[in-house]
Amino acid sequence: MRVFFCIWALGLGLGTHAWAQPTQVWQRTLNQVPSISSFAGDVYQVRPSRLVVLGGTGPTYQTGLVPITSRLWQLNGQGDTLLSRGYAFKNGGYLNLLPLRGGDWLITGCADTTAASNSYDIAYFSVRTDSLGVWRGRPRYLPQYRYNNAPAPVLRLPADGALWAQTVNLTPYVQGTVGGGVDAVQVARLDSAQRVVWRHLYPGRTAAPNGISVAAMAALRDGAYVLVGQKNRAWQSPYGNIVVHSGWLQRLKSNGDTIRLAAEYFGPISEHYDPHEVQATPDGGFVVAGDVYPRRYLPVFDSNASANGFLAKFDSLGTMQWEQRFVGQNAQYPSASIHRVQVLANGQYLLTGIRTTPALSDPNQAFVGAYDRRLGAALAWELPVETQGAQLQTALQPDGTLTLVGQRTIPHTVGGQTSQDQAGLLTRFAGLGAPYQPAADFCRRPPVASAGFALNPAGDTLRLVDFSSGGPRFAQVERWRWHFPDGAYFDGPAPPPHRFAAPGPGPGAAVTLTVTNNLGCSATQTLYPFGRPSAAQQARAWAAQASVWPNPATGAGGATLALAGLPP
């Protein structure tokens, strides 16, 4: 522990560059085939030797002969394609990728629910595939409301469930129409079979419901979920009444109920906010990244105003604690955008985005960098990325490696005609620093497994009742598993009376209850309804309910011990 503390202090003394020396490891072009352009929609790193990219291929500008097809690529750790599987959809495609147990995938997207050539009744759908991308069944649609052109973030929940947020169009579909109507944010909870458990609208059918969208979603340490997006509000500007685009927040419990925030909107009303990403922070709050247009509405409305990238830190109640803005490096067009943020273990924030360069002809306007609050407005380090426009990325790996997916322009010559078309570009970086691991941090306040029991006079029928709690303030228990001494088990909060062959098991026979909350954290209680356990059994039961972790704040050699039902 003393060695760890000395290294930590040395890192602070040397500055942020002591934490990471990032380098580019390799770069690969995805699906570089004449007459076909490719693009990525999502990317996931399964393990160091396997990447999965969800995207599509489409026609080049000149040929226009190939329909757009959703596509799933599997690549090795060097970016070489191992498998490519296409999925044809009319008026739609895939959006998000989520890993499930056993190597399966949950894929979400949007597509036309009819086969009519002039139909645009596009709705969200989900489909489960095996590890090779082969469908395990038919897509499940959410047909009540139509798809709207906005991100649709999805979070993995315990037991292969998912929380899925979408911007939807509440106006019923009319044959021959394409767009327009009233928008809302819909959140759907799916079980392991992709069936809808619940579905809610936020903020619902308000007096002025136009212009609301959701961009990102994250789980917080207190068991709640936070949504970020954009919502319109009226403003009396110096030149008249206008509608402005503001940042929007919403917190939810795991059953979809809303939790009161300090404010629904964030940022000055005179500035246009466009959030892209939200991530939980170790203090129980969250950080939001995106674009802000400080001169969109003042002194007059300017549709060509330059964007700044912004990074804003909020506490758990949604109060903004600080905001940092980033500008481009070109004096005439100082635009910048932050697309993704990841919290690092050393307190920095890993950012990916775009910002103009001193020479606008330079195509390398994308970047990856780290922001340290202690350095003011400057980035701790920054590297250019050879992509144009927005980037996608895998999660930062524990070893500090990160894969970015973007697009670059490559020439295609078909029939003597050359066009400049887009190709997917993968770039692997190393040495970016260790990520903050929210999963482990969430479980420092695990659920508490607690049950009572009663035996009938014959001693052969056991009745059990659950008194478990979810752990943090807004966490809720979502899985129960009861194991009986005869090897049987039951899933659910209220097991029916369990009858044993008379007489019942002897002394020391155990019943165990394992509960899991919505953050994926578990706890186990061991009961002995038929008599006292042996000393060895009792010791094993206590050990199973105990957890310990280093605590540098207590000094050299400090540690924190937690036992079920007691404070750490």
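Between which two strands is the loop that holds Arg-221 found? In this predicted model, the loop runs between strand S15 (212-219) and strand S16 (225-237). Arg-221 has a relative accessible area of 28%. That value lies between the 20% limit for buried and the 50% limit for exposed, so Arg-221 counts as partly exposed.

The contacts of Arg-221 reach into other parts of the sequence. With neighbours within four places left aside, Arg-221 touches Thr-281, Pro-282, Asp-283 and Gly-284, among others. Its contacts also include Tyr-436, Asp-441 and Phe-442. Pro-472 and Leu-519 belong to the list as well. Cys-443 is 222 residues away from Arg-221 in sequence. In space, the C-alpha atoms of Arg-221 and Cys-443 are 8.5 Å apart.

A second residue, Gln-250, lies in strand S17 (residues 240-252). Its relative accessibility is 12%. Buried means under 20%, so Gln-250 counts as buried.

S20 pairs with strand S21 (residues 286-293) over eight bridges, in the antiparallel sense.

Values for the whole chain complete the picture. The secondary structure comprises three helices and 39 strands. Of the 568 residues, 50% count as buried. The accessible surface comes to about 25,500 Å², and carbon and sulfur atoms account for 55% of that surface. Among contacts with a separation of 6 or more, 53% join residues 24 or more positions apart.

The mean pLDDT is 84, and 85% of the residues reach 70 or more. Over residues 1-19 the pLDDT is below 50. This stretch has 21 contacts in the model beyond near neighbours in sequence. Residues 61-66 also have a pLDDT below 50. Beyond near neighbours in sequence, residues 61-66 have 13 contacts in the model.

Terms used. Residues numbered from 1 in each chain as written. Predicted model: local features only at pLDDT ≥ 70, side-chain atom pairs only at ≥ 80, totals over all residues. Heavy atoms only, no water. Pairing = 2+ DSSP bridges. Helix = DSSP H or I, 4+ residues; strand = E, 2+ residues; numbered from the N terminus. Buried < 20%, exposed > 50% of the residue type's maximum accessible area, 1.4 Å probe, protein only. Contact = heavy atoms within 4.5 Å. Areas by Shrake-Rupley, 256 points an atom, 1.4 Å probe, with all protein chains shown as cover. pLDDT = per-residue confidence, 0-100.
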